[in-house]
Amino acid sequence: MMVAGQHDKQVPPDRVREFYADLAAPQKVFVDLACASHNAMWEKNRLLLFRASLDWLTAAVVPGAKDGTLRLGY
């Protein structure tokens, strides 16, 4: 799972998308997190980030998705 904050200026979301595209893992999820910067763990949508992380680490799915792109918090 890779997460990109919508307003991240330290690691721009486009760069994370490029890295995600290059990742050859058979099971991967890209999370586009709204209203978030590089400090998403302290921001408005932090609970979405925490839940997605827990789901990925415990079940390898994020809201029912085993791969693809998810937009959370929009």
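Let me start with a term: a residue is called buried when its relative accessible area is under 20%, exposed when that value is over 50%, and partly exposed in between, with a 1.4 Å probe and the protein chains only.

What we are looking at is a predicted model, in which local features need a pLDDT of at least 70 and side-chain atom pairs count only at pLDDT 80 or more, while totals for chains, interfaces and linings use all residues. Residues are numbered from 1 along each chain as its sequence is written, and side-chain values use heavy atoms, with hydrogens and water left out.

On confidence, pLDDT being the predictor's own confidence in each residue on a scale from 0 to 100, the chain has a mean of 95, and 100% of its residues reach 70 or more. The lowest confidence in the chain falls in strand β3, residues 68–72, at a mean of 94, and the highest in β1, at 97.

Now to strand β2, residues 29–33, where five of the five residues are buried. In a regular strand the side chains alternate between the two faces of the sheet. Here Val29, Val31 and Leu33 point one way from β2, whereas Phe30 and Asp32 point the other way, and all are buried.

As for its partners, two strands are said to pair if DSSP finds at least two bridges between them. β1 and β2 pair in the parallel sense over four bridges, and in that pairing Ala4 stands opposite Asp32 of β2. β2 and β3 also run parallel, joined by five bridges, with Val31 opposite Leu70 of β3 and Phe30 opposite Thr69 of β3.

β1, helix α1 (residues 13–22) and β2 form a right-handed β-α-β unit. From β2 the chain crosses through helix α2, residues 46–59, to β3, and this β-α-β crossover is left-handed.

Val31 in strand β2 counts as buried because its relative accessibility is 2%. The C-alpha atoms of Val31 and Leu49, 18 residues apart along the chain, are separated by 8.7 Å. Leu49 lies in helix α2, and Leu49 is buried as well, since its relative accessible area is 14%.

The volume of the largest pocket is about 190 Å³, and its lining includes Val3, Ala4, Gly5, Asp8, Leu33, His38 and Leu49. Which strand gives the most to that lining? Strand β1, residues 2–5, does, with three residues.

Finally, two backbone angles. Most residues other than glycine have a negative phi, and most peptide bonds are trans. Cys35, in the loop between β2 and α2, has a positive phi near 50°, and Cys35 counts as partly exposed because its relative accessibility is 35%. Ala60, in the loop between α2 and β3, likewise has a positive phi, near 55°, and Ala60 is partly exposed, since its relative accessible area is 26%.

Key:
On a 1 Å grid over the protein atoms alone, a cavity is a set of points where a 1.4 Å probe fits but cannot get out, and a pocket is an open set with protein on both sides within 12 Å along at least five of seven lines; lining residues have an atom within 4 Å of a point. Grid points are joined across faces, edges and corners, and a volume is the space filled by probe spheres set on the points. Helices (H or I, at least four residues) and strands (E, at least two) are DSSP runs, numbered from the N terminus. A crossover is right-handed if, with the strands pointing away from the viewer, the path from the first strand over the helix to the second runs clockwise.
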